[in-house]
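I'm opening a notebook page on this one. Below are the things I looked up, in order.

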Amino acid sequence: MEHRYTLMHREVPVAEVTLNPANGWIQKIGLVYEAAHVPVGITVKKGKIDRAGLNEWWRGRGIPASRDAFYGVLEELGIATTELLAERCYGLSLSDQYWLCPAESGLRWSEVNFFENHFTEDVGNILFGEPAAGQSLSLVSPDNTSDGWLKKKWKIVEGKRCLIKGGSGLAQQEPFNEVLATRIAERLGIPHAVYGLCYEKGYPFSICEDFITPETELVTAWYLMRTKKRENHVSVYQHYIHCCEEHGVPGIQRALDQMIVLDYLILNADRHQNNFGVIRDAVTLEYLGAAPVYDSGTSFWWSTPTSRIGSLERIQCKPFKKWHEEQIRLVSSYDWLDLSKLRDIDEEFREIVGTSEFIDEKRRDRLCVALKGRVDSLQRMMDASVSYAVVDDLSMDVKEDIAYHGK
């Protein structure tokens, strides 16, 4: 029997959808009520929603197959696909305000959303390797719609919705990298999600309060850039700026400058297009600005053997260029940046990782030396850019004189 729902945006009916009961995919889209409230980046033409695009969006709300112990979790829950698991919680998320209201159920947003209503940690505990709690198990959880490959779960801490996320490999370094990114961003005045440390069964985890509220939502760069076709001669970087400008996102250039600088300092290797974006008012649909920098754990030689930390090899990056040395050149201005505020940041990081039993003294030392080296490297780039700017401001006669005497 087919599963009929109304796709909702908070209290606003968006469209009628029917899910395949075998796999949870959207097999039919009926009446479209509010085209303006269709998820960003999904095409609507002549009153019809692109079903393939909406299916991609729906599947993207599920736990990815790359998540640790992914198939074992589904087997333990008795669920065939992540789409069916997402259906169990009506597709509700703590990143936006979309959900599926069962046809003729009369359910209301105020009764079901995770921002204001309690949820159990049953699914999250299973994702963390704890056995199911028998018949009392609840599958209504925001963990059903959490993305990313690292172990993670949502938890209500003193009334706040917090995401707890683990590390990987022998060093389990990602949680410490999140804290490092937080400390750097604090010193430099970069808007950011605030990460702290916690431990479960001796393993380190980062913990971060949700920066989305019951009235706002995250629109990732991936979907914002799908609202406009990118011409062949336009770079991904410029295309993203154009899309933000067309949607009236304020302050996007400064926000990108700050994100690129932070990613250069921590050698972020995974700033893909779903790891940054903008914040939208879910009621008025007004774009409020860039999202705070978040999800920076996959960085700072997180999976590199200790002996190679700080090597002069180029480090790959995302999302706009392949190498950090190329991407940092996209920064339009350093007038906001004072690197003297990072004095002794290496020693602060030494204290942070000093609580880890997975990061030995040798690795700790190399990381701290490398961090200071990144700050010094960026300072040299900034000094060089100032020198070039000064020369550019000189008259042609002075430039020629400099060139002559420099021979």
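Before anything else, I noted that buried means under 20% relative accessible area, exposed over 50%, and partly exposed in between (1.4 Å probe, protein chains only). This is a predicted model, where local features need pLDDT of at least 70, side-chain atom pairs count only at pLDDT 80 or more, and totals for chains, interfaces and linings use all residues. Residues are numbered from 1 along each chain as its sequence is written, and side-chain values use heavy atoms, with hydrogens and water left out.

**Aromatic rings.** I counted rings of Phe, Tyr and Trp (its six-membered ring) as a pair if their centres lie within 6.5 Å; planes under 30 degrees apart are stacked, over 60 edge-to-face, the rest tilted. The structure has 10 aromatic pairs. I looked up Y237 with F320, which is edge-to-face at 5.2 Å centre to centre and 80° between the planes. Y237 is in helix α8 (residues 236–246), while F320 is in the loop between β13 (287–290) and α10 (324–327), 83 residues apart. Helices (H or I, at least four residues) and strands (E, at least two) are DSSP runs, numbered from the N terminus.

Is Y237 buried or exposed? Y237 has a relative accessible area of 7%, so I put it down as buried. F320 is buried too, at 11%. I also saw that ring pairs join Y237, Y240, F276 and F320 in a cluster.

**H9.** I found H9 in strand β1 (residues 3–9). Its relative accessibility is 0%, so H9 counts as buried.
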